[in-house]
Amino acid sequence: MAVHRPLSSWIARLVPGAPGTPASLGRINDGNERADAREMSRFRTAAWTRTSVTVRWNEAPARALALRAPDSSLVVELDDFGRPLPVTEDGADLVAGLEESWTAVPADPLTVARLQSESLELRYLLLHRIDRETAAPAALFHCLPWSRVEAAAHSVAALLGPIGTPSSSANGVAGAPEARELRHWFTPAATSLAGPLSVLEAGLRSNRGGLWFGREAADLLTGLFTADPARLPTSTRSALAALAERLGADPALRHGARLASTRLSGPGPGPSTVFVNLSLTARLDSEFVLLASSGEPEGENERVVTLREQPLTAEVAVTRDGMVDVELAIEDDGRAPARTVAQDGPLCYPVRVSPVRGTAGARAPSRYWMMLDRAGSGWNGFLTVPVPDGQFDIGLDAPPLALPFLDRVPLAELRASLHANELIGSTRWHGMIDGLHRHHPAHVALAAYDAELPE
């Protein structure tokens, strides 16, 4: 594979200008805009070199990132809008050096500082390719404008507070609106972070109506739960941990929020001991079915596991008929958060069934959605699913979603979940599902569920 290849999916040939005037650009990808320049065969076989070039754009000269072919012809890299990808001469040298060190990309403070001086478009595209093709060093992602994320996190936390108004320090980054946008710039470092954070900030600030809050809150907590903390600067981790704690004022979100906050506040990358101890995961074995069937007292191989992490309590049991029963209760401490996920509809709690790696015949993990019923001021739910072969984990760490937000869940997963909630019959399902929008997959799942019921 060639050392120097496009960072962007779009390129354009450089068309020389008249003597004394800057060059102009040809058509995007030679007229094939749907193609991805990064996958073009010509960049895999020829010895291209990295450079920069001045082109004419909007009646003015602009320096752009470019590649020089062995025959000295040039192609210019373009951004998502088809504009020349801006770069300084030092930036072009930096990109060339990083490409030549692809197996061990440096992330020293000087390299990070040099990247911070380049355009955000260049940083995004470079980090995206580094993350996709290398064992990316975490510190390199600190070159992104994390102050924008911190400002949005502070703003959302304040909007979720008792007063519901962001303080002057939480109103965002000074400057033009584009200097405060999160967009997709941060996805090389962490997914499900900037997107839901932006929606939460805009929705809470405008007091947006309708069903939206629970989906974004759950997506954000999931993103924080799975992000590599080392890719985020200390100040960013602190701001996001504080926001997670504020979201945890809702008891339905508290466990996921605590996991996210603990992970972000930990001493370094990877799960800490505290984080592991917070996890609501039970390891079980299909052999427990035989033990349960024997009728003998439980020995070392317990058939029932109780998990507790306030405000959640779960009891997981392997039954003699080859099923795993999961019973969950969430206590409400009486606090009144500004927004709750239950305001968006009936709550569904994800239960993950994951065969342990190395188990003979282990299948891919499965997810079921447990319907939660109001129990006093809290919630409880019950689910029963088939026991997988060998060892397996039952995981209860992901945040719940309201039923309307299961519109992106695979149909097979919804169908299995309807059957797994065996205490809920067809009449109750129709009462909850019939009012969902007509394209929601739960309608098809419920029709199949009804057809499979015994006569």
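I started at Arg-352, which stands opposite Gly-395 in β14. This is a predicted model. I then looked up the pairing of β10 and strand β14 (residues 391–395): antiparallel, over 4 bridges.

Next I checked β11 for a partner of Arg-352. There, the bridge partner of Arg-352 is Arg-367. Strand β11 (residues 366–371) runs antiparallel to β10, and 6 bridges join the two.

I also looked at β15. Strand β15 (residues 401–402) pairs with β10 over 2 bridges, again in the antiparallel sense. Here Leu-347 stands opposite Ala-402.

Is strand β10 enclosed or open to the outside? I found 8 of the 9 residues of β10 (residues 347–355) buried, so the rest of the structure largely encloses this strand.

I moved on to an open sheet. Its 5 strands follow the order β7-β8-β9-β13-β12, with antiparallel pairing. β7 (304–309) and β12 (373–375) are the edge strands; each has a single partner, so one side of each lacks a neighbour in the sheet. Neighbouring strands of this sheet are turned by 20° against each other on average, direction ignored. For β7 and strand β8 (residues 312–318), I noted 6 bridges in the antiparallel sense. Val-304 has Ala-317 in β8 as its bridge partner.

Last, I looked up the cores. The largest nonpolar core has 91 residues; Leu-197, Leu-240, Leu-243, Val-324 and Ile-394 touch the most other members. I followed Leu-243. Leaving out residues up to four places away in sequence, Leu-243 touches Ala-153, Val-156, Ala-157, Leu-160, Leu-197 and Leu-220. I also noted a second, separate core of 21 residues, including Cys-348, Leu-414, Ile-424 and Ala-445.

Definitions and conventions. Residues numbered from 1 in each chain as written. Predicted model: local features only at pLDDT ≥ 70, side-chain atom pairs only at ≥ 80, totals over all residues. Heavy atoms only, no water. Pairing = 2+ DSSP bridges. Axes fitted to C-alpha atoms, helices over the stretch in contact; angles between N-to-C directions. Core = buried A, V, L, I, M, F, W, Y, C linked by side-chain atoms within 4.5 Å. Buried < 20%, exposed > 50% of the residue type's maximum accessible area, 1.4 Å probe, protein only. Contact = heavy atoms within 4.5 Å.
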